[in-house]
Amino acid sequence: MKQPLTGKELNYIVDSMSNEDLLMKQCAILASSTQQPATHSLCMEMVSLHQQHCEALMQSLYQHTQLAPMQPQSN
């Protein structure tokens with residue numbers, strides 16, 4: 001049975017999503033500023049890859065909401 005994510009794991013996922021978003025933006029900027037077709041194509045592939053990473057991280061958060069308790073737990 002899967003366990004809910006810890007606060008530390010949730011923070012790591014949020015930080016990773018932020019990093020993936022930044023990488024997507026940087027790759028998109030480079031793609032739009034280059035005149036080299038090969039560079040443009042590679043950058044767009046990287047945008048897609050980082051978007052896939054972000055979606056996978058979002059799926060982890062979604063799965064967590066299915067497992068997480070609705071009320072804070074007292075220790």
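1. Gln66 has its place in helix α2, where helices are DSSP runs of H or I with at least four residues, strands are runs of E with at least two, and both are numbered from the N terminus. At 52% relative accessibility, Gln66 counts as exposed. The term exposed stands for over 50% relative accessible area, buried for under 20%, and partly exposed for values in between, with a 1.4 Å probe and protein chains only. The C-alpha atom of Gln66 is separated by 8.5 Å from that of Pro4, although the two residues are 62 residues apart along the chain.

2. On the basis of the note: this is a predicted model, in which local features need pLDDT of at least 70 and side-chain atom pairs count only at pLDDT 80 or more, while totals for chains, interfaces and linings use all residues. Residues are numbered from 1 along each chain as its sequence is written, and side-chain values use heavy atoms, with hydrogens and water left out.

3. Gln3 belongs to the segment before α1. With a relative accessible area of 59%, Gln3 is exposed. Gln3 and Leu67 are 64 residues apart in sequence, yet their C-alpha atoms are 6.8 Å apart in space.

4. The protein chain as a whole has 2 helices and 0 strands. Helix α1 covers residues 7–33 and helix α2 residues 37–67; their axes come within 8 Å and cross at roughly 160°, the axes being lines fitted to C-alpha atoms over the stretch in contact, with angles from 0 to 180 degrees between N-to-C directions. Therefore α1 is roughly antiparallel to α2, a term for angles over 145 degrees.

5. The residues in the contact of α1 with α2 comprise 17 nonpolar, 7 polar and 1 charged. Here Ala, Val, Leu, Ile, Met, Phe, Trp, Tyr, Cys and Pro count as nonpolar, Asp, Glu, Lys and Arg as charged, and the others, Gly among them, as polar.

6. Leu23 lies in helix α1 and is partly exposed at 32% relative accessibility. Between Leu23 and His50, 27 residues apart along the chain, the C-alpha separation is 6.9 Å.

7. Of the contacts in the protein chain with a separation of 6 or more, 69% are between residues 24 or more positions apart; contact means heavy atoms within 4.5 Å. Of the 75 residues, 21% count as buried.

Conventions. Parallel < 35°, antiparallel > 145°, perpendicular 65-115°, else oblique.
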